[in-house]
Amino acid sequence: MKEFVFLIKGERPEDDFSPEEYKKHGEQYTIWIDRLIKDGHLINARPLDVNGKRLSGKNAEIVMDGPFIESKEDVGGYFLIRAKNLKEAIQIAKGCPALEVGGSIEVRPVDEKIMSLFEGKLG
């Protein structure tokens, strides 16, 4: 099995949903996450706050302050999953509730070559 990261982008339903819609969306995520766990795909997941800093360059200068919510490229969270290959990872991502509310998902394989440099140091 290989590892993949799902970057959830452009989805902030807490700003646009009624309390009932927000609750339903949360329930849909719970069902999807439970299925990922049951099927042995989920390794880790976290929602991300809109506040933060973007650094760039050798001097690590701050080039952008959060919040990043205005951007369609806003990363609202991530999932680290296991899948046989990219094709299976994409199939798994298609079940994410973010897609139902206009979000997008970037599916990226973990770079195994670079990970081998840190063998035993990273989880």
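Is Lys2 buried or exposed, or does Lys2 count as partly exposed? At 37% relative accessibility, Lys2 counts as partly exposed; here buried means under 20% relative accessible area, exposed means over 50%, and partly exposed is in between, with a 1.4 Å probe and protein chains only.

A word on the model before the views. This is a predicted model, where local features need pLDDT of at least 70 and side-chain atom pairs count only at pLDDT 80 or more, while totals for chains, interfaces and linings use all residues. Residues are numbered from 1 along each chain as its sequence is written, and side-chain values use heavy atoms, with hydrogens and water left out.

**View 1. The sheet is an open one of 4 strands, with antiparallel pairing.** Read across, the strand order is β2-β5-β1-β6. At the edges sit β2 (42–47) and β6 (104–109), each of which pairs on one side only. From one strand to the next, the twist averages 15°. For the bookkeeping, strands (E, at least two residues) and helices (H or I, at least four) are DSSP runs, numbered from the N terminus, and two strands pair if DSSP finds at least two bridges between them.

**View 2. Strand β1 pairs with β5 in the antiparallel sense.** The pairing of β1 (residues 2–9) with β5 (residues 75–83) runs over 8 bridges. Going along it, Ile8 stands opposite Gly77 in β5, and Phe4 stands opposite Ile81 in β5. Strand β1 is also joined to β6, with 6 bridges between the two antiparallel strands. On that side, Val5 stands opposite Arg108 in β6.

**View 3. Helix α2 lies across β1, β2 and β5.** This helix covers residues 19–38 and runs at about 25° to β5. Helix α3 (residues 86–93) packs on the sheet too, touching β1, β5 and β6. The direction of α3 makes about 130° with that of β5. Axes here are lines fitted to C-alpha atoms, for helices over the stretch in contact, and angles run from 0 to 180 degrees between N-to-C directions. Contact itself means heavy atoms within 4.5 Å.

**View 4. Glu112 and Lys2 form a salt bridge.** The closest N and O atoms of this pair are 3.9 Å apart. It's a link between distant parts of the chain: Glu112 is in helix α4 (residues 112–116) and Lys2 is in strand β1, 110 residues apart. Glu112 is partly exposed, with a relative accessible area of 46%. The rule for a salt bridge is a side-chain nitrogen of Lys or Arg within 4 Å of a carboxyl oxygen of Asp or Glu. By this rule, the count comes to 5 salt bridges.

**View 5. Lys9 and Glu106 meet in a salt bridge through their side chains.** The N to O distance is 2.5 Å. Lys9 lies in strand β1 and Glu106 in strand β6, so the pair ties together parts that are 97 residues apart in sequence. Lys9 is buried, with a relative accessible area of 10%, whereas Glu106 counts as partly exposed at 25%. The two side chains also make a polar contact (2.5 Å). That term covers a pair of N or O atoms within 3.5 Å; within protein, one must be able to donate a hydrogen and the other to accept it, and residues adjacent in sequence count only if both atoms are side-chain atoms.

**View 6. Asp39 forms a salt bridge with Lys38.** Their closest N and O atoms are 3.9 Å apart. Asp39 counts as partly exposed at 41% relative accessibility, and Lys38 counts as exposed at 71%. Elsewhere, salt bridges that share partners join Lys9, Glu106 and Arg108 into one network.

**View 7. Val107 has its place in strand β6.** Val107 is partly exposed, with a relative accessible area of 21%. Leaving aside neighbours within four places in sequence, Val107 is in contact with Phe4, Val5, Phe6, Leu86, Ala89, Ile90 and Ala93. C-alpha to C-alpha, Val107 and Ala93 are 7.6 Å apart in space, and they are 14 residues apart in sequence.

**View 8. Leu42 has its place in strand β2.** With neighbours within four places in sequence left aside, the contacts of Leu42 are Ile33, Leu36, Ile37, Phe79, Leu80, Ile81 and Arg82. Leu42 and Glu3 are 39 residues apart in sequence and 9.7 Å apart in space, C-alpha to C-alpha.
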